[in-house]
Amino acid sequence: MAIVKFWQGMDKASNIVGADKMMIGKNETGEAQYVDFQDANQFLSIQGESMPAIQGGTTAATAVALPAGPTGQNRWFDASWGYWKYNNTVLKNPLGTDGIPQGNDGMLYWNGTTETWSISKMQELRMPTGVPVINPLGSGLPTEKATADYINNYDVKFEQLAFTESGTNKFNKADVISEKYVYYVNGALVDNTGYCVSMIPVKPNTKYSRNNPNKHFAWLDASGVFINNPNAPESTTTITSPINAGFISLSVLNANKNIQMFVEGNSVPAYEPYKEYIPEDKLKISSANTIEPTGRRLVQEQAVPKYVQAYRMPYEQLAFLKMGVNLFDKSRITAGKYVYYEDGSLLDNPNYSTSALIPVEGDTLYARNNPLQHFVWLDANGVLIPNPNAPQTTIAIKSPVNAKYHLFSILNTNVNTQMFVKGSTVPGYEQFFQLIPNEKLELIKTDDVANVINIPSTIYGLVGMTTNLYFETIFNKPEEKDIKSSCIIGRQLKDRYTHTPTISETRQITITSEKDGKVLKSKIVNFIIKSKFENTSNFVLLFQGDSNTFYGFYTQRLLNNFISDGYSTCTLIGTKGSGANRFEATPGWSALVYTKYAELSGKVNEFWNPATGKFDATYFMTHNGFSGLTHVFIPLGTNDIFDPESDDTLKTTTAAAVAAYDEIIASYKAYDPNLKICIMATIPASNSQDIFGSVYNANKTRWRFKRNLDYFVSELIRKYDNRTSEKIYVVGSNLGINPSTDFEGSVSTPAVHLNSTGYNNLGDDVYKFLKCIG
């Protein structure tokens with residue numbers, strides 16, 4: 001019989017048409033016969049076959065062109081989203097729009113009869129919603145956000161770090177489940193307010209001991225599954241963990257929580273708090289005795305103080321800070337040592353103290369009171385710079401060109417009065433300070449008014465004259481606070497601190513407000529006291545104020561004090577007043593009025609320069625023929641903040657007033673940079689609502705004005721205090737006015753105008769200030 005080979009040795013057809021032949025074998029006879037393909041197709045009902053998918057374009061404009069399929073045969077493929085075209089026509093989906101949009105999939109179909117491509121079906125891909133918050137015991141699929149949130153908020157416990165160990169006591173009272181105890185039968189947590197429960201890792205088949213033993217505990221395996229305890233209930237001190245134990249769930253009476261011990265072993269030692277640490281064998285210890293700023297070694301203890309003492313952050317790195325006049329910080333001294341000027345070494349002497357390193361500029365004059373030869377200059381690396389002038393005991397000393405630090409010694413008796421300043425002369429004593437300049441600060445929040453301490457950093461007194469500091473003026477609502485004024489001189493009375501000095505000295509007063517035993521705020525104030533004869537200056541003064549100045553009462557008191565002084569004189573200038581009692585004051589005016597109006601209600605502003613349309617101190621002085629001015633006093637504020645009835649209005653009004661103060665000060669400084677500008681803290685208000693009611697009926701409350709005033713004065717202090725290097729001062733002349741007695745019987749509205757006693761107190765405090773600062 002002949003052998004017919006099928007398909008080996010034959011050519012492969014490149015395409016099939018309906019008339020092409022196929023070979024079949026008859027089932028009955030095995031005889032080989034042929035049949036037309038189109039007949040076989042009709043018999044077999046072949047509709048088409050799948051084909052590899054063709055990826056579509058990302059937009060209709062970039063649709064992928066599909067090739068023609070076989071004639072008479074159908075083809076299809078599953079497609080993800082995309083865009084296709086046939087004969088330059090973009091295929092439409094069953095919804096009539098182009099392609100398969102993102103978020104869908106579908107099927108593309110070639111019809112061999114019509115010889116066209118189409119998108120035969122399309123369906124939306126449904127995204128899993130996911131679990132929005134991870135439940136550690138759940139089985140859901142979390143979203144990406146839920147996963148990130150869980151990781152970001154997860155606190156790794158110290159004991160989870162494999163390289164850490166716990167101390168002897170394994171019970172951590174800070175990590176317990178409150179108001180529960182463990183049911184020993186099944187390990188369940190049962191409600192009970194007298195207990196707490198701790199989950200403690202344990203070793204298998206190991207003895208553990210506890211004080212205060214009870215039966216309420218359960219052993220758990222490493223997965224937290226309860227292990228049946230054949231010895232339960234068990235209340236012995238020592239218990240043994242099962243061979244598969246991973247944890248013990250231990251109940252502790254709340255009364256025993258602070259003394260509870262759970263330890264490995266047969267007995268319980270004395271109480272030891274729970275602790276966690278990194279064992280020494282996990283640390284690589286070096287024996288370095290110096291510190292390299294970029295290094296990663298551990299160092300010997302002795303290296304730390306050496307590095308700290310040697311390191312000084314360059315002042316220029318603290319660009320936002322401002323240094324006071326006095327560069328000597330008495331809180332940072334080395335007691336019992338003095339510096340040897342030849343080599344900078346510190347030598348023992350119980351009568352001396354040595355300053356910390358003081359940053360200085362090269363080739364610059366510096367001055368000190370109480371001058372001694374015991375000082376050295378150092379370069380940026382702390383290396384001694386030889387001083388060719390040593391030993392040198394002059395007040396003024398000049399730094400070498402490469403100097404960066406100064407180190408000097410002081411007799412212990414002079415520590416509290418020591419000054420070291422830039423320049424050739426030493427001014428009156430001022431304590432060391434560093435501060436953030438006002439321009440770097442926002443206004444305080446009005447919410448902070450409740451806790452203000454409205455007193456400048458320095459107050460002044462004279463021997464033989466009583467100084468009073470009234471708490472009603474210093475604090476907002478002092479009756480709601482416990483107030484303390486701590487000082488080794490003077491007395492604290494119910495309503496004030498008071499002292500009548502007998503000697504010249506400088507002391508510190510610590511003023512503190514407390515409530516319910518909690519400190520609300522505290523402030524340290526310098527109290528400088530001098531004798532009248534210590535200052536023989538001849539003063540020329542200008543008072544620029546409002547109605548409290550216009551009546552001339554406190555300025556006359558000031559003149560009278562100088563007349564009886566015998567050591568110095570006082571001349572007042574201004575276009576208002578009479579005789580020697582001169583000033584520049586207009587009732588009802590504020591700082592804002594002085595800087596905004598040429599005249600108001602028929603009252604001329606003598607400072608207004610018609611050529612520039614501005615407040616002009618130079619114009620005022622030259623136009624009126626004044627000269628020799630030494631001090632300007634600005635006693636304003638009452639009219640600046642009288643009107644606000646809300647904190648929002650108060651804040652904007654205060655900001656505008658302070659800006660006006662700035663303009664006034666700048667104008668005086670333009671006239672003479674050496675002028676001393678004295679910002680008088682605004683006088684207080686009467687503390688009687690009855691007086692306010694008698695004047696303003698029901699239109700103004702005392703508490704609202706007091707709140708406005710306290711906020712405003714706090715801003716004056718924040719803005720202008722500690723600026724003596726610029727010859728700008730805040731004068732606490734308001735502090736000696738008694739809000740209870742110094743208003744009744746006033747010649748004007750008694751709510752905000754003083755009586756004769758009040759004006760005398762005001763004049764006295766201005767006099768003390770002048771005699772102390774010169």
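A residue counts as buried when its relative accessible area is under 20%, as exposed when that area is over 50%, and as partly exposed in between, using a 1.4 Å probe and protein chains only. By that rule, 41% of the 774 residues of the protein are buried. This is a predicted model, in which local features need pLDDT of at least 70 and side-chain atom pairs count only at pLDDT 80 or more, while totals for chains, interfaces and linings use all residues. Residues are numbered from 1 along each chain as its sequence is written, and side-chain values use heavy atoms, with hydrogens and water left out.

**Overall make-up**

- The protein comes to 12 helices and 48 strands, where helices (H or I, at least four residues) and strands (E, at least two) are DSSP runs numbered from the N terminus.
- Among the contacts in the protein with a separation of 6 or more, 66% join residues 24 or more positions apart, a contact being heavy atoms within 4.5 Å.

**A helix pair**

- Helix 6 (residues 553-563) packs against helix 12 (residues 756-773) at an angle of about 50°, with the axes 8 Å apart; axes are lines fitted to C-alpha atoms, for helices over the stretch in contact, and angles run from 0 to 180 degrees between N-to-C directions.
- Helix 6 and helix 12 are therefore oblique to each other, since angles under 35 degrees count as roughly parallel, over 145 as roughly antiparallel, 65 to 115 as roughly perpendicular and the rest as oblique.
- Residues of helix 6 including Phe553, Tyr554 and Arg557 meet residues of helix 12, among them Tyr759, Asp764 and Lys771.

- Five strands form an open sheet in the order 11-12-17-14-15, with antiparallel pairing, and two strands pair if DSSP finds at least two bridges between them.
- Strand 11 (177-182) and strand 15 (226-227) stand at the edges with a single partner strand each, so one side of each has no neighbour in the sheet.
- Strand 14 (residues 217-220) pairs with strand 17 (residues 247-253) in the antiparallel sense over 4 bridges, and Trp219 has Ile248 in strand 17 as its bridge partner.

**Backbone features in loops**

- The peptide bond from Ala232 to Pro233 is cis, with omega near -5°, and Pro233 is found in the loop between strand 15 and strand 16 (238-240).
- Asn212 is not a glycine, yet has a positive phi of about 50°; Asn212 is placed in the loop between strand 13 (207-210) and strand 14, and is partly exposed at 30% relative accessibility.
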